[in-house]
Amino acid sequence: SAAELRHPNIVPIYHVGEHLDPASGTLQPYYTMALVEGGSLEQHLDRYRLDPAATATLLAKTAWAVHHAHQRRILHRDLKPANILLDEAGDPHVADFGLAARMNESGVVVPEARAGSLAWMAPEAVRGDPALTTAVDIWALGVILYEMLTGERPFRGANRPQLERAILAGVPQPPRELNPAIP
């Protein structure tokens with residue numbers, strides 16, 4: 001599905017195929033994609049905390065790329081700073097559609113299992129709801145925005161069950177308490 005996406009802020013996939021592993025005799029899937037050399041947003045989070053305008057610009061470009069995927073009925077399901085690559089000019093490129101799923105005609109994904117990185121998962125994904133919508137990607141973008149502006153994730157827990165409870169409660173600390181410079 002990701003190979004169909006053509007957007008300036010989505011890492012293009014050039015080829016998808018299978019390779020016969022001579023050692024095991026099994027077919028191994030592979031894909032080739034564009035090289036984005038600036039590292040991931042995860043590696044550059046600190047530089048955005050003091051620059052809300054740059055944060056907003058970067059997140060807007062990322063959101064338009066995600067919207068492009070949604071218009072083509074593709075739900076990413078694993079948006080996080082590590083999956084947003086920055087080019088040498090600092091522009092974002094959404095990557096890693098490995099957990100992406102195609103939405104049905106109603107704009108819903110019926111997941112086979114819970115998927116995604118917990119800290120950025122929407123409550124409905126954490127609960128294991130039987131149908132997911134574009135709202136799960138929008139939630140993840142909000143978590144990324146919070147993290148960029150404050151330097152912290154909105155929901156925390158010492159272990160997986162505690163983090164799940166925090167996400168389901170849905171009451172993060174107000175961002176300005178962590179960074180009073182946020183306009």
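In this predicted model, helix α5 is followed by G170. The phi of G170 is positive, near 65°. At the other end, the start of α5, N159 makes a side-chain to backbone approach. A side-chain oxygen of N159 comes to within 2.9 Å of the backbone nitrogen of Q162.

Between these ends, α5 has a buried side. Its buried residues are L163, E164 and I167. Viewed down the helix axis, these residues fall within an arc of 100°, so they line one face of α5. R165 and A169 are exposed and sit on the face of α5 turned away from that buried side. The cover over the buried residues of α5 includes α3 and α4.

In soluble globular proteins, nonpolar side chains tend to be buried together. Here, the largest nonpolar core has 39 residues. The members that touch the most other members are L41, L58, L79, V94, F97, I144 and M148. Two or more residues each come from α1 (41-49), α2 (52-71), β3 (74-75), β4 (84-86), α3 (123-127), α4 (135-150) and α5 (160-169). The helix α4 gives the most, with 6 residues.

M148 illustrates the contacts made by a member of this core. Leaving aside residues up to four places away in sequence, M148 touches L41, L45, Y48, R49, T55, L58 and L59. Of these, L41 and L58 are also listed with M148 among the core residues that touch the most other members. Another core, of 5 residues, lies apart from the largest one. Its members include V11, A34, V36 and L85.

Technical notes
Residues are numbered from 1 along each chain as its sequence is written. This is a predicted model: local features need pLDDT of at least 70, side-chain atom pairs count only at pLDDT 80 or more; totals for chains, interfaces and linings use all residues. Side-chain values use heavy atoms; hydrogens and water are left out. A nonpolar core is a set of buried Ala, Val, Leu, Ile, Met, Phe, Trp, Tyr and Cys residues joined through side-chain atoms within 4.5 Å. Buried means under 20% relative accessible area, exposed over 50%, partly exposed in between (1.4 Å probe, protein chains only). Helices (H or I, at least four residues) and strands (E, at least two) are DSSP runs, numbered from the N terminus. Contact means heavy atoms within 4.5 Å. The arc is that of the directions from the helix axis to the C-beta atoms. A polar contact is a pair of N or O atoms within 3.5 Å; within protein, one must be able to donate a hydrogen and the other to accept it, and residues adjacent in sequence count only if both atoms are side-chain atoms.
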